[in-house]
Amino acid sequence: MSSMSLRPCGDYRTTYKKDTTIFPTRWSRNFAILGIVLAALFPLVASIYHMNLAITIAIYGIAALGLNILVGFTGQISLGHAAFFGFGAFSSAFLNNTYGVPVVLAIPLAGLMTTAIGMIVGIPAARIKGLYLAIATLASQFILQDFFARADFFTGGSAGALAQSFSLFGWEAYGEHNFYYVALAFMVLSYLLATNMLRTRDGRAFVAVRDHYLSAEVMGVNLTKYRLMSFGISSFYAGIAGALYGHYLGFVSVESFTILLSIQFLGMIIIGGLGSVMGTLMGTAFMVLLPEVLEGVVAWLGSAGIVGQSFMTNVVFMKEASIGLVIVLFLIFEPDGLAHRWRQIKAYWKLYPFSY
């Protein structure tokens, strides 16, 4: 009977390796594999509208994961993540259009270029923290935005830049149904790399810097090294996501990478759960789908005659307001995010019918 349990009674992990495994049980590993298989089959039943939402979740999920490594795992702060996201988009388009670098190589190279910029911006993190670091990253947001608008040779200036579609060995990812597999592959690989990285010595050092930097320094953790490293890794993920975003749209413009997008990225990791890899994807999906669900509910209420036309015309403003309202509500009632709530639900069913 015990072999049929999702988690047998007792704790049989007797080594550190088993204690830090990605999947605590065979069932959790099988469910993860099943989720990837279902995600791969999703285009067979989804419309273009739903594919667009799924691609947006995958791309934003990669960028939000980078921000969560910086904020949730290292305890730093960044208000300029959208600028690094945009730099990755422009870098990939620049490499492809100017030097003829294939898109499949331009995307990781754009991530490396964004890493270099992120580490330069992260230099002040070795000396400042808290509000002062937030202001420094906010300044980088506006500096890079101004650079995007003026650097015609790199970004095309106010006219923007064209980005070619993704292709590999003659196969071209043209259209939502094809590009979805590209975004899904990059997302799965990014999340696996991040999960493994956080199990290493460097990942534990990030958490030590976040929890108590003085104690970490006494234990021999180089604060400057790991703060800069977290900025570099965060920027790399933002650059990869930005490159995918640019090649998906086929056009990159400076208007897409404003401070509002940086706030949305912060909202994703707050709602999902700071310091949670799984929570990052949950928060991203929540933030992307919330406006669409709200618009659908309002449309249904209008068709049923419950609300008037004037109410329906203001749905755009309601969508923007709902994002801010949800962030505030999560900060008050669920500060640990959706990942914490999911762990509580699993613990409840694991212990049922007992309360402890």
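This is a predicted model: local features need pLDDT of at least 70, side-chain atom pairs count only at pLDDT 80 or more; totals for chains, interfaces and linings use all residues.
**First stop: helices α4 and α6**

Please select residues 81–99, which form helix α4, together with residues 131–150, which form helix α6. The axes of these two helices lie 8 Å apart, and the helices pack at an angle of about 30°. Angles under 35 degrees count as roughly parallel, and α4 and α6 are therefore described as roughly parallel to each other. The crossing of α4 past α6 is left-handed.

Next, display the side chains where the two helices meet. On the α4 side, select His-81, Ala-82, Ala-83, Phe-84, Gly-86, Phe-87 and Phe-90. Their partners in α6 are Ser-140, Gln-141, Leu-144, Phe-147 and Phe-148. By class, the residues of this contact comprise eight nonpolar and four polar, with no charged residue.

**Second stop: an aromatic pair**

Keep Phe-147 of α6 in view, as it belongs to the contact with α4. The structure contains 23 aromatic pairs. One of them joins Phe-147 to Phe-154, with ring centres 5.8 Å apart and planes at 45° to each other, a tilted arrangement. Are the two residues buried or exposed? Phe-147 counts as partly exposed because its relative accessibility is 30%. Phe-154, by contrast, has a relative accessible area of 7% and is buried.

Now select residues 48–73, helix α3, and residues 259–272, helix α12. Their axes come within 9 Å and cross at roughly 75°. The angle therefore makes α3 roughly perpendicular to α12.

To see the contact itself, show Tyr-60, Ala-63, Ala-64, Leu-67, Asn-68 and Val-71 in α3. Facing them in α12 are Leu-261, Phe-265, Leu-266, Met-268 and Ile-269. This contact has ten nonpolar residues, one polar residue and no charged residues.

Finally, select Gly-275, which is located in the loop between α12 and α13, the latter spanning 277–303. With a relative accessible area of 26%, Gly-275 is partly exposed.

Which residues does Gly-275 touch, not counting residues up to four places away in sequence? They are Asn-68, Gly-72, Phe-73 and Arg-210.

Notes:
Residues are numbered from 1 along each chain as its sequence is written. Side-chain values use heavy atoms; hydrogens and water are left out. Axes are lines fitted to C-alpha atoms, for helices over the stretch in contact, and angles run from 0 to 180 degrees between N-to-C directions. Helices (H or I, at least four residues) and strands (E, at least two) are DSSP runs, numbered from the N terminus. Angles under 35 degrees count as roughly parallel, over 145 as roughly antiparallel, 65 to 115 as roughly perpendicular and the rest as oblique. A crossing is left-handed if the near helix is turned anticlockwise from the far one by less than a right angle, and right-handed if clockwise. Contact means heavy atoms within 4.5 Å. Ala, Val, Leu, Ile, Met, Phe, Trp, Tyr, Cys and Pro count as nonpolar, Asp, Glu, Lys and Arg as charged, and the others, Gly among them, as polar. Rings of Phe, Tyr and Trp (its six-membered ring) pair if their centres lie within 6.5 Å; planes under 30 degrees apart count as stacked, over 60 as edge-to-face and the rest as tilted. Buried means under 20% relative accessible area, exposed over 50%, partly exposed in between (1.4 Å probe, protein chains only).
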